[in-house]
Amino acid sequence: MPASDEDRILRFWTPILLRSILVAASIILVLGLVLSASYTPDYYVGRYYAVRAGHLHARESFARMFVGAAQGQPHSVMTIGLFVLTLVPLARVAFCFLLFLRERDYAYVGFTAYVLAGLVLGVMLGKIG
Amino acid sequence: MLEIVSELLLLAVASGFIGAMSGLGGGVFIVPALVIIAHMPMKIAVGASLISVVATSAGASVAFVRDGWTNLKVAMVLECATVTGAVTGAYLAGIVPTVVLELLFAAMMLQSAYFNVRKQGDDIIEHGDELARRLELAGDFPGDDGKNVHYEVVNVYGGGLLMVVAGLMSGLLGIGSGALKVMAMDYFMHIPLKVSSATSNFMLGVTAGAGALVFLARGDVATSIAAPVALGVTAGALGGSRLLPHANVSSLRNVFTVILILIALEMGWRALTRM
């Protein structure tokens, strides 16, 4: 592949996008923690000890997560923050996918598509398993 | 609340810092820190750690890609293997008994310790095998004299198989499996050590991301733990990587090896007393 294209995508756009997602995720996570402090008295401490005893929040649907976040529920806000964080590797693979597609390097389009499919399969497996 | 968050942040910053200084990644240290010091269940620690590995790699790999060491094609081929392993591992982590996870963790710590003391030098080969040539895996890296050094790649199947194991361990145990990945590339595929390390770091986020997505979608990530831990590990790792060029790494290596062996002994002991 021409070095210039690879350079432009990898050295310029990828870092900017990755940093932006990372900063966005960090802001959402901090917001979630601040909400935890103000949600109900002992919300955070209660959750902490429940988790330590092995109890987790029940699995929630994506719809429930967004509704919860809109209502200011700390758990839902932080879950969204963590999902945003996992967009970083997804975005990087997607960038590479586009790069190889442009280069018509179909073997590598196949490899990157497989990795992307694996990441999506991960979410689906988590939902059912 | 402030007290608990501060304790988690402190553990996370320290783990991220040591992870970056040792080159082993934060996951190797945050899992035992959460299990042994914060008394968290193993599964909670694994979920939080996977998220932290994703966060750390997002911050760190930007610099690695810039330096021209990362072999993108090798990373893409091998990511197929690590993602397969990681999704399987993260799925199995919901089923596998804790005692098995603890024993596997101890084994991985011993492998990291072994890797830490026995890092090999570059072993550049001039003729790649058929598959590596077809996939155009060969590359160049900047040599000491300013000229590019060319290297070829062999044994893609062997390296790929070990990468499936690395992914499996990552999904099961919440670690980046960097030591195993570098070993697969360096020993099996004869990729120069520094290229192997940079490529492994590039792959880290995708491997851990695959596992993290399974945990997140399953509702197995305790957000109140994972949020401060991810923030802390990332901050610690950034600090560690800034300080790394000024540190005497070779003298620190023995300290890290001792820490890894101690973690292995503690995790092994926990597993044995649970039986």
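At what angle do helix H4 (residues 72-93) of chain B and helix H9 (residues 193-218) of chain B pack, and how far apart are their axes? In this predicted model, local features need pLDDT of at least 70 and side-chain atom pairs count only at pLDDT 80 or more, while totals for chains, interfaces and linings use all residues. Residues are numbered from 1 along each chain as its sequence is written, and chains are lettered from A and ligands numbered from 1 in the order in which they are written.

The two helices of chain B pack at an angle of about 30°, with their axes 8 Å apart, where axes are lines fitted to C-alpha atoms, for helices over the stretch in contact, and angles run from 0 to 180 degrees between N-to-C directions. H4(B) is therefore roughly parallel to H9(B), a term for angles under 35 degrees, whereas angles over 145 count as roughly antiparallel, 65 to 115 as roughly perpendicular and the rest as oblique. Helices here are DSSP runs (H or I, at least four residues), strands are runs of E (at least two), and both are numbered from the N terminus. Among the residues that make the contact are B:Val74 and B:Leu78 of H4(B) and B:Phe202 and B:Val206 of H9(B); two residues are in contact if their C-beta atoms, placed from the backbone, lie within 7 Å. By class, this contact has 14 nonpolar, five polar and one charged residues, with Ala, Val, Leu, Ile, Met, Phe, Trp, Tyr, Cys and Pro counted as nonpolar, Asp, Glu, Lys and Arg as charged, and the others, Gly among them, as polar.

Turning to chain A, one finds five helices and zero strands.

The two chains also meet, and 54 residues of chain A are in contact with 51 residues of chain B. Helix H1 (3-38), helix H2 (43-52), helix H4 (74-102) and helix H5 (106-128) of chain A each supply at least two residues of the side that touches chain B, and the residues of that side divide into 31 nonpolar, 15 polar and eight charged.

One meeting between the chains involves H4(A) and H9(B), which pack at an angle of about 140° with their axes 9 Å apart, and these helices are therefore oblique to each other. Here A:Leu82, A:Phe83 and A:Arg92 are among the residues of H4(A) that meet residues of H9(B), including B:Gly205 and B:Leu213. By class, the contact of H4(A) with H9(B) has 10 nonpolar, three polar and one charged residues.
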